[in-house]
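Reader: Hello! Could you walk me through this model, starting with the side-chain contacts?

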Amino acid sequence: MWERLSADEQAVIHQKLEEIQKRDWKTLSLDEKKAAYYVAFGPHGPRAPVDPPGSMPKIILGVSSLILAAGVAFYAIRAVAPPPPRTLSKEWEEAENERAIELKINPISGVSSEGYTGRGFVTHK
């Protein structure tokens, strides 16, 4: 109902309620208290809901389309990207382990240490 009132009518009601609020609150009727609260904190003006009713499907569609566009862009870029370098293969990493043992790299706790059971430089399964 408040939204349907003209700006002049809203201003008049607002001023009347301001005058009413200056009185002792114990003497105000319940309806006057509710009206004063609604005008001060009601869902209108700057306190209007951010998302008006019926905007949820638009939000869901927008977010879904952005996720889809990001997926398409990701796979399109991957399709034209060069292959990974040869140094990222499991065979290369195993050869790095062998070379590290030959050069006795990190002999205290690393690949060259006595009884080492870790994977070393191999990151592939």
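Author: Let us begin with a term: a salt bridge is a side-chain nitrogen of Lys or Arg within 4 Å of a carboxyl oxygen of Asp or Glu. This is a predicted model, in which local features need pLDDT of at least 70 and side-chain atom pairs count only at pLDDT 80 or more, while totals for chains, interfaces and linings use all residues. Residues are numbered from 1 along each chain as its sequence is written, and side-chain values use heavy atoms, with hydrogens and water left out.

Reader: How many salt bridges does a search of the whole structure find?
Author: The cut-off above was applied to the whole structure. One of the pairs is E32 with R23, at 3.5 Å from N to O. The search finds two.

Reader: Which residue meets R99 in a salt bridge?
Author: Helices here are DSSP runs (H or I, at least four residues), numbered from the N terminus. An α-helix has 3.6 residues a turn, so residues three or four places apart point the same way. At 3.3 Å, N to O, the side chain that meets R99 is that of E102.

Reader: Is E102 buried or exposed?
Author: Buried means under 20% relative accessible area, exposed over 50%, and partly exposed in between (1.4 Å probe, protein chains only). R99 has 46%, so R99 is partly exposed. E102 has a relative accessible area of 56%, so E102 is exposed.

Reader: Which residues of α4 are buried?
Author: Helix α4 covers residues 90–102 and reaches 19 Å from its first C-alpha to its last, close to the 18 Å expected at 1.5 Å a residue; that expected span is 1.5 Å times one less than the number of residues. The face turned away from the buried side carries the exposed residues E91, E98 and E102. The buried ones are E93, N97 and A100.

Reader: And why are those three on the same side of α4?
Author: The residues in question are E93, N97 and A100, buried in α4. They lie on the same side because of the arc they cover around the axis, which is only 65 degrees. That arc is taken from the directions from the helix axis to the C-beta atoms.

Reader: What is the phi of K104?
Author: K104 is found in the segment after α4, and its relative accessible area of 61% makes K104 exposed. Most residues other than glycine have a negative phi. N106, also in the segment after α4, has a positive phi of about 55 degrees although N106 is not a glycine. For K104, phi is positive too, near 50 degrees.

Reader: What geometry does the pair of F74 and Y75 have?
Author: Rings of Phe, Tyr and Trp (its six-membered ring) pair if their centres lie within 6.5 Å; planes under 30 degrees apart count as stacked, over 60 as edge-to-face and the rest as tilted. A search of the whole structure finds one such pair. The F74 and Y75 ring centres are 5.1 Å apart and the planes at 80 degrees, so the pair is edge-to-face.

Methods
Helices (H or I, at least four residues) and strands (E, at least two) are DSSP runs, numbered from the N terminus.
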